[in-house]
Amino acid sequence: MPRESTLRTAATEAAAGDLASALRARRRLLGLAGSFPQDLEVRELLAAVYRLLGEADQAGRWNYLCDHREPAETAAFERTFADAEGRMRALRWVGPESDAATPVATGRLRELRKLAERETGRRLAYERPRRRTKEEAESEGSAWVGFLFFSRCALVALLLGVGLVAVVRYVIGLLA
């Protein structure tokens, strides 16, 4: 479903006001936010849906970059994500601050990044999480296979030990 029709559908569902419709709208909008992380319209509608669901921290999260935001929701978001780097990740923004559609959003992104850099002592940027290479995935997989093999060997050794003790006790019982 294209962006515009998905937005219309989500807005209609949000306007219905019932829980099931709000949950469907949230699912649609989270998908759109993943595909269009810089779209402030999607963020505003997602914040409105979370407001309907009574989740002030999430409403504050998605409305954080918008021109008009509720101070109580922003405070709830900042309490939930106490450190600035966590708030940066929670915003799910991708790209430089200058890509923001409004000067307000640009300023808030820049301010949050600078705060996070002061807190962490290192340079940070809003970027899409790096995908693992095939080699990284395979090495993690081989480590997992090794762990499973070791676990199974340990289990077999334990069962053999228990079985051996049981056999020895049985034989001693027959001889006594």
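This is a tour of a predicted model, one selection at a time.

Local features are described at pLDDT of at least 70 and side-chain atom pairs at pLDDT 80 or more, while totals for chains, interfaces and linings use all residues. Residues are numbered from 1 along each chain as its sequence is written, and side-chain values use heavy atoms, with hydrogens and water left out.

**Whole chain.** Colour by secondary structure: the protein chain has eight helices and zero strands. Helices here are DSSP runs of H or I with at least four residues, strands are runs of E with at least two, and both are numbered from the N terminus. Of the 176 residues, 34% are buried, where buried means under 20% relative accessible area, exposed over 50% and partly exposed in between (1.4 Å probe, protein chains only). A contact is a pair of heavy atoms within 4.5 Å. Among contacts with a separation of 6 or more, 50% join residues 24 or more positions apart.

**Helix α3.** Select residues 40-52. The expected span is 1.5 Å times one less than the number of residues; for these 13 residues that gives 18 Å, and the end C-alpha atoms are 18 Å apart, which agrees. Now show the buried side chains, among them Leu 40, Arg 43, Leu 46 and Tyr 50. Elements covering the buried residues of α3 include α1 (3-16), α2 (19-35), α4 (56-63), α6 (84-91) and α7 (103-120).

Go to the N-terminal end of α3, which Asp 39 caps: one of its side-chain oxygens is 2.9 Å from the backbone nitrogen of Glu 41. After α3 comes Gly 54, with a positive phi near 75°.

**Helix α5.** Select Thr 74, in residues 71-80. Thr 74 counts as buried because its relative accessibility is 8%. Apart from neighbours within four places in sequence, Thr 74 contacts Gly 60, Tyr 64 and Arg 69.

**Helices α6 and α7.** Select both. The two pack at about 140°, with axes 8 Å apart; axes are lines fitted to C-alpha atoms over the stretch in contact, and angles run from 0 to 180 degrees between N-to-C directions. α6 and α7 are therefore oblique to each other, since angles under 35 degrees count as roughly parallel, over 145 as roughly antiparallel, 65 to 115 as roughly perpendicular and the rest as oblique. On the α6 side, the residues that meet α7 include Ala 84, Met 88 and Leu 91; on the α7 side, Leu 109, Leu 112 and Ala 116 are among those that meet α6.

**Arg 92.** Finish in the loop between α6 and α7, at Arg 92. Its phi is positive, near 55°, in a residue other than glycine. Most residues other than glycine have a negative phi. Arg 92 counts as partly exposed because its relative accessibility is 44%.

Technical notes: A polar contact is a pair of N or O atoms within 3.5 Å; within protein, one must be able to donate a hydrogen and the other to accept it, and residues adjacent in sequence count only if both atoms are side-chain atoms.
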